[in-house]
Every structure is written in structure tokens, then in C-alpha cells.
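Good morning, and thank you for coming. I would like to take you through some local features of one protein chain, and I ask that you keep the sequence and the structure in view as I speak.

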Amino acid sequence: MRTRMAAALAAGAALWSGCAVEDSTGSADRAAELITSESLLADVQALSADEMEGRGAGTQGEQKAAEYIRERFVEIGLDPVEGSYFQAVKLVGMKKDPEKSSLTITGKEGQPIEYTSDETLTYWSTAQKEQVKLEDAPLVFAGYGVEAPEEDWDDFKGADVAGKVLLFLNNDPPVTEEGRELFGGEARTYYGRWTYKFEQAMRKGAAGAFMIHTTPSASYGFNVVQHSGSEEHFALDLPNSGYQVDLLGWIDEPTSQRIAQAMGTDLEGLFEMGASRDFQPVDTGFRVSAEIASEIRRLETRNVMGMLEGRDPELKDETIVFSAHYDHLGTNEGVEGDDKIFNGAWDNASGTACVINLAKAFAALEPRPRRSLLFLACAAEESGSLGSRWFVTNPPFERSRLVGNFNIDMTQIFGITTDISAIGLGTNTLGDVLKDVAGKYGVTVVGDTDPNAGSFYRSDQVNFAKAGIPALFINPGENFQEPLDFDPQKYFEEHYHRVEDEIDDNWNLEGAARDMRIVFEAALEAANADPMPRWEPGNEFEEEWKALHGKE
């Protein structure tokens with residue numbers, strides 16, 4: 001690893017030569033040079049060490065990680081925010097007791113659907129109750145579960161599904177009418193997110209909901225969700241927060257296929273049914289019975305914050321936020337093999353290291369930017385982006401002071417590319433600035449390279465965007481300067497949300513360092529510009545931005 005990274009330093013330095021905005025003192029050049037692959041690696045190593053125990057929400061390991069980040073912020077010279085480097089985040093934890101829980105899905109002939117818990121079907125409860133019980137609740141196929149007035153689309157057609165268990169398809173309905181693709185076409189909208197489907201179940205008074213999993217419709221393998229039934233689930237300890245449903249679960253493709261065949265069709269047929277405007281809920285003929293015992297606890301975790309106050313007497317009240325989540329999946333005794341720790345080196349010790357090093361660069365800058373900068377390590381992202389949601393819901397100062405967000409989740413770890421991805425590109429002016437800066441150095445900025453995954457809605461930037469705050473989600477590029485001797489996509493599949501997510505010989509953080517220097521310069525330009533960042537006209541979040549800042 002060190003040999004590979006050392007060999008990349010010269011190439012990175014050559015590419016970057018002069019790749020920082022000049023000021024009269026050359027301070028920005030020197031500040032950008034503080035972002036190095038070695039400094040990034042040191043922070044990743046510390047945060048992903050076994051002693052951090054996978055940084056699970058509310059665990060001692062997560063507390064150790066939060067203390068490490070605070071110490072780094074103090075060392076760098078960041079100021080506390082409203083007197084503290086920590087923001088308490090109040091959570092409700094819910095963990096199923098598998099020994100006291102059971103689930104059966106029975107067909108018309110009284111034969112239960114066979115499944116292996118967590119391997120082919122996973123289930124749990126988010127009702128925030130110690131005990132829930134369902135008896136012969138009808139399993140109703142609800143298609144994509146979408147109600148979209150702007151598309152004149154309604155999958156429920158007034159059907160009463162209260163007390164029933166809904167069976168959902170993942171993604172948006174793939175529909176083209178008169179040459180126009182509905183729901184954003186290939187790019188997944190929030191209607192296509194599984195969180196929306198579970199929220200729909202709660203709104204409809206359903207007793208439960210299952211998601212049909214296929215890798216194409218979810219954009220990831222079943223391994224990503226298969227431990228959901230054995231993991232502790234969290235919600236913000238706020239009234240009506242999240243989705244509170246007695247029974248939730250995921251069903252893998254072969255098991256879903258058996259349900260579809262018992263309905264007289266197949267899985268492809270269910271997707272075809274859901275893609276019709278005429279669709280309405282269909283009783284599958286199956287009945288669901290379940291008893292779920294859950295341990296309920298209330299706990300606190302912490303966001304970690306540090307501030308650099310801007311120099312402009314007026315613009316310093318406007319703040320750009322750099323965010324990354326520092327939590328991961330903790331430990332799981334149910335995992336096969338000796339290694340039970342989900343170290344989360346790539347996801348997302350790497351992004352947290354980037355935020356720390358961006359802070360270090362900005363703290364060394366003289367003069368400071370005109371606007372203020374806040375560096376935020378978010379808790380409980382893996383539990384549903386809860387830390388950032390808490391921050392935006394309960395900011396340490398007036399929400400209108402938050403004018404932009406750069407979020408980093410799983411940065412480049414394989415070397416230098418000729419491109420960088422910014423999910424949200426084209427939606428707000430932050431993307432324009434990033435594109436201009438990168439272009440000066442021959443680096444192409446692309447948008448979402450996998451738009452069907454709906455990535456903009458899958459990390460902490462979404463909570464800023466929902467509040468009207470322009471946000472970009474910084475992702476790795478894909479076109480490497482030097483050929484790799486392994487397949488990055490295969491590496492992702494073999495490491496994402498697995499205990500294998502550790503630093504190894506394939507890592508080369510010179511690309512991450514280069515990308516963060518570009519982000520540094522772009523953020524510096526945005527922080528010094530006269531106008532605040534804004535959404536492009538007609539964007540889905542523009543009205544929230546106008547309301548936030550009192551714009552017409």
C-alpha cells in the first residue's frame with residue numbers, strides 16, 4: 001500500500017502544480033498543499049481501527065470516534081459552535097429479539113412460504129413498541145406505492161389498506177408517455193426510494209410492508225439489507241419521526257418469485273402490472289402472521305461540529321457546511337467468520353477524513369473566507385441520515401444562515417482520475433463553481449454516474465436539500481489515469497457494508513487528495529462570492545430555498 005501510494009505522489013503533485021486559487025500572499029496555494037494522501041490515510045486509519053468497534057450509533061466505539069474528531073478539530077484551530085464541539089442527537093433504538101419473534105406468510109392452500117431469516121427474508125418492527133402481533137393480515141401487492149399528483153399518478157386508487165401488509169416494488173414506475181419519461185426517467189426520484197414506500201405504509205395505516213428486492217431495482221445486492229432484521233434500528237426521538245410500522249421487511253428475488261407464481265404470474269409480471277396507470281392494489285391471497293418482540297431504548301449520540309468564522313462583517317452570518325458521516329455498522333456477532341467488526345474504512349472514515357483535512361486547509365488560510373464555514377461529522381447516517389436530519393431540524397443557530405452544503409461519503413480510494421462526480425450537478429450554483437474550477441486543471445465534473453440508484457437521496461446532503469439549502473454530493477470519478485489491476489465495481493460489491501471494508505493494498509488516496517483540493521478551491525470561491533448559492537430555477541427544492549431566505 002505505501003509503495004503504491006508513494007509512487008502516486010509525484011504524479012499527483014505534477015497534476016496539481018498550481019492547482020489552487022492564488023491570492024496576494026499565496027496563502028491558498030500553501031493551504032491546499034496541506035491536503036495530502038498521507039494526512040488523509042492517517043485519519044482513516046484512526047477512525048477505522050478495531051478499537052472504534054465499527055462506530056455503531058450510540059456505542060462506545062462511536063463515542064471514541066467522536067472524541068477523536070473533536071480533538072482533531074481543536075488541534076486544527078476550529079472554534080466550537082455555540083460553545084460546544086458536540087450536538088446531542090436523541091434517538092429511539094429498536095432491536096428485534098429473534099428468539100421471541102416469528103413470521104409466517106401462508107398461501108391459499110395453507111402452505112407457508114419457506115424462507116431463511118436474514119438470508120432470504122428479513123423482518124423487524126419500527127412501531128417503537130416492545131411487542132407487536134399480527135394475525136392473518138392480508139398481503140396486498142401495492143405496486144410501486146406511488147402517489148404523485150404532478151404526474152397524475154395514484155397506485156392506491158382510494159383502496160383501504162389499513163391493517164394490511166403491503167408488498168412494494170422498489171424504484172419508480174418506468175413509464176414513457178408521448179415521448180416523455182415520467183418520474184425523471186432513468187434518474188430515481190424520491191418516490192423510488194424504499195424509505196418513501198415505508199412512509200407510505202405508515203400514512204395509509206398499514207400493519208406492515210415488505211420490499212421486493214432485485215439487484216437492478218435496488219441498485220445493490222441483497223447482502224446490503226439482509227442483516228436488517230438482526231440490526232438495531234433507530235429513529236429520531238421526536239414526535240411522528242420516521243416511519244412507525246408494526247412490521248417491515250425485505251424479501252429476496254427467489255422468494256418473491258414464489259409469491260408471484262402463486263398469484264398466477266411471475267416477478268416480471270408484477271413489475272409490468274406496477275408500470276400501468278390503471279394499476280390498483282391486488283390481494284395476493286397470502287396472509288401474514290407475526291409476533292415481534294423488540295428491545296426499546298432511548299439514547300443520545302453526537303454530531304461533531306467545528307466553525308471558522310468568516311471575515312466579512314455581513315456575509316459571516318452566512319455559513320457553508322462541509323459534512324460527512326462518521327458512524328458505521330458497529331459489530332455483528334451473527335456474521336460468519338472470526339471478524340465481527342464493520343470497520344467502515346471507505347464508508348465513511350474516508351469522507352470524514354476529507355472533512356477534517358478540508359478544515360485543516362481552510363484554518364491555515366489567510367485571510368479567511370468572507371462567509372463562515374462549518375465542518376460537520378454526522379452521526380447515525382447508516383440509520384437513515386438521522387444526525388444530519390437532527391442538525392437541519394435543530395440547527396445551533398438560525399437555519400437561514402445555512403447557505404450551502406458539500407457532502408462527502410466514500411471518496412476516491414483508487415488513485416487519480418481525469419474526472420470527479422458531483423451528484424446534484426446542474427441543480428444549483430455550487431455545481432457551476434466546481435465545474436469551472438475543475439475545468440481549469442483538465443478535470444471533468446460529471447453528475448450521477450448511476451442515476452437509477454437515487455444517490456442524492458441516500459446520504460446526508462438530502463436533509464440540507466429538503467430544507468432548501470443548495471447541496472452537492474461529492475463522489476469519485478471513474479476514468480483513471482493509470483489502468484487498475486482489479487475491478488473497482490467488484491471491489492465495491494465485495495466490501496460495501498461488509499467486514500472487509502478495511503484499508504488494503506488497493507488503496508491509493510492521492511486521488512482523494514486531488515479531489516479535495518478542487519473542492520477546497522471551489523468552496524473558497526463560493527464562500528467569497530457576493531451572491532449566496534441558489535437552486536436553479538424550477539428545481540424541486542427552489543421553493544424551500546425561497547421560503548428559507550424570504551425570496552420572491
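**A walk through the predicted model**

T122 is buried, with a relative accessible area of 0%. Please bear in mind from the outset that we are looking at a predicted model. T122 belongs to strand β3. Its C-alpha lies 4.9 Å from that of G229, although T122 and G229 are 107 residues apart in sequence.

K96 lies over the face of Y123, 3.6 Å from the ring centre. A second case involves K204 and F156: the charged end of K204 sits over the ring of F156, at 4.7 Å from the centre of that ring.

Let me turn to the aromatic rings. A pair of aromatic rings is described by the distance of the centres and the angle of the planes. How many aromatic pairs are counted in this model? The count comes to 28. One of them joins W153 and F183, with 5.6 Å from centre to centre and 85° between the planes. That angle makes the pair edge-to-face, because planes over 60 degrees apart are classed in this way.

Where do these two residues sit in the chain? W153 is in strand β6, residues 153–154, whereas F183 is in the loop between β9 (180–181) and α5 (194–203). The pair therefore ties together parts that are 30 residues apart in sequence. W153 has a relative accessibility of 4% and counts as buried. F183, at 2%, counts as buried too.

A further pair is formed by F322 and F406, and this one is stacked. The ring centres are 5.7 Å apart, and the angle between the planes is 15°. F322 lies in strand β14, residues 319–325, and F406 in strand β16, residues 402–408. The pair links distant parts of the chain, 84 residues apart.

What is the make-up of the lining by class? There are 13 nonpolar, eight polar and six charged residues.

I move now to the cysteines. A disulfide is a covalent bond between the sulfur atoms of two cysteines. The count of disulfides in this model is zero. C354 is in no disulfide, and the nearest cysteine sulfur to its own, that of C378, is 14 Å away. For C354 the relative accessibility is 1%, and the residue counts as buried. C378 counts as buried at 0%.

Finally, some remarks on the backbone. Most residues other than glycine have a negative phi, and most peptide bonds are trans. Which residues does a cis peptide bond join here? N348 is found in helix α9, residues 345–363. Another cis bond runs from E366 to P367, with omega near 0°. P367 lies in the loop between α9 and β15 (372–378).

As for phi, D118 has a positive value, near 75°, and is not a glycine. D118 is in the loop between β2 (102–106) and β3 (121–124). At 16% relative accessibility, D118 counts as buried. S219 likewise has a positive phi, of about 80°, although it is not a glycine. The place of S219 is in the loop between α6 (215–218) and β11 (233–236). S219 is partly exposed, with a relative accessible area of 23%.

That concludes my presentation, and I would be glad to take questions.

Note on methods:
Residues are numbered from 1 along each chain as its sequence is written. This is a predicted model: local features need pLDDT of at least 70, side-chain atom pairs count only at pLDDT 80 or more; totals for chains, interfaces and linings use all residues. Side-chain values use heavy atoms; hydrogens and water are left out. Rings of Phe, Tyr and Trp (its six-membered ring) pair if their centres lie within 6.5 Å; planes under 30 degrees apart count as stacked, over 60 as edge-to-face and the rest as tilted. Helices (H or I, at least four residues) and strands (E, at least two) are DSSP runs, numbered from the N terminus. Buried means under 20% relative accessible area, exposed over 50%, partly exposed in between (1.4 Å probe, protein chains only). A charge sits over a ring if NZ of Lys or CZ of Arg is within 6 Å of the ring centre and within 35 degrees of the ring normal. A disulfide is a pair of cysteine sulfur atoms within 2.5 Å. Ala, Val, Leu, Ile, Met, Phe, Trp, Tyr, Cys and Pro count as nonpolar, Asp, Glu, Lys and Arg as charged, and the others, Gly among them, as polar.
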